[in-house]
Amino acid sequence: MSEVYRFGVSLEKILIEAFDRHIEAQRYKSRSEAIRDLIREELIRKQWTEGGAVAGAIVMTYDHHKRELVNVLLDIQHDFQETIISTQHVHLDHHHCLEIIAVKGSSSEVENLATTLKVQVGVKHLSLSISSASE
Ligand code: NI
């Protein structure tokens, strides 16, 4: 674990009361942990908007009976092989597949991959969850 720094923060009463309600609702054990998460989320958001390196997961469901869809999705994934770390495929039922694609790369490449997959006919739903590629 890296060195820990402490600092004081001054807040209006109404703001700290609202923050404490948030902490309780989210079941944080301390204000420090809640503030750490807020800082991390903001830094990841900044990395994302500035095109920095991110890691994350694309989760999608699709109808594998759609003509040529499986081949199209595979071709797209081969085109993005430098961005994709791994994939997990689950046969949900007779018609539907769930795919979880772990990604790492620039936010623009990751977004380009997610968008390219999402617009294919037969892809039912796609979500992208982003985390930091470092720290
Ligand atoms: Ni399947």
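Student: Is His89 buried, partly exposed or exposed?
Tutor: In this predicted model, the relative accessibility of His89 is 35%. Buried means under 20% and exposed means over 50%. His89 therefore counts as partly exposed.

Student: Is Cys97 buried or exposed?
Tutor: The relative accessible area of Cys97 is 2%. The cut-off for a buried residue is under 20%, so Cys97 is buried.

Student: Which residues coordinate the nickel ion, and through which atoms?
Tutor: The coordinating atoms lie at 2.1 to 2.3 Å from the nickel ion. Along the chain the donors follow the spacing H-x1-H-x5-C. They are His89 (NE2), His91 (ND1) and Cys97 (SG).

Student: Which residue of β3 stands opposite His91?
Tutor: β2 and β3 pair in the antiparallel sense over 7 bridges, and a hairpin of 4 residues joins β2 to β3. His91 and Cys97 both coordinate the nickel ion. The residue opposite His91 in β3 is Cys97.

Student: How many bridges pair β1 with β3?
Tutor: The strands concerned are β1 (residues 53–63) and β3 (residues 96–106), which pair in the antiparallel sense. Among the pairs, Val54 has Gly105 as its bridge partner, and Ala55 stands opposite Lys104. The count for β1 and β3 is 11 bridges.

Student: What is the bridge partner of Val59 in β4?
Tutor: β1 and β4 run antiparallel and are joined by 9 bridges. For Val59, the bridge partner in β4 is Ser127.

Student: Is Gln77 buried or exposed?
Tutor: Gln77 is found in helix α3 (residues 69–79). Leaving aside neighbours within four places in sequence, Gln77 is in contact with Met60, Ile84, Thr87, Glu99 and Ile101. Its relative accessible area is 10%, and the cut-off is under 20%, so Gln77 is buried.

Student: Which residues have the most contacts inside the largest nonpolar core?
Tutor: This core has 18 residues. The elements that give two or more residues to it are β1, α3, β3, α4 and β4. Those with the most contacts inside it are Ile58, Met60, Leu113 and Leu117.

Student: Beyond neighbours within four places in sequence, which residues is Leu113 in contact with?
Tutor: Leu113 is one of the residues with the most contacts inside the largest nonpolar core. With those sequence neighbours left aside, its contacts are Ile58, Ile76, Phe80, Ile84 and Val103.

Student: What distance separates the centres of domain 1 and domain 2?
Tutor: The domain assignment of the protein chain gives domain 1 (13–49) and domain 2 (53–132). Taken over C-alpha atoms, their centres are separated by 30 Å.

Conventions
Residues are numbered from 1 along each chain as its sequence is written. This is a predicted model: local features need pLDDT of at least 70, side-chain atom pairs count only at pLDDT 80 or more; totals for chains, interfaces and linings use all residues. Side-chain values use heavy atoms; hydrogens and water are left out. Donors are N, O and S atoms within 2.8 Å of the metal (3.2 Å for Na, K and Ca); water is not among the atoms, so sites may look incomplete. Buried means under 20% relative accessible area, exposed over 50%, partly exposed in between (1.4 Å probe, protein chains only). Two strands pair if DSSP finds at least two bridges between them. Domain bounds come from an automatic or database domain assignment. Contact means heavy atoms within 4.5 Å. A nonpolar core is a set of buried Ala, Val, Leu, Ile, Met, Phe, Trp, Tyr and Cys residues joined through side-chain atoms within 4.5 Å.
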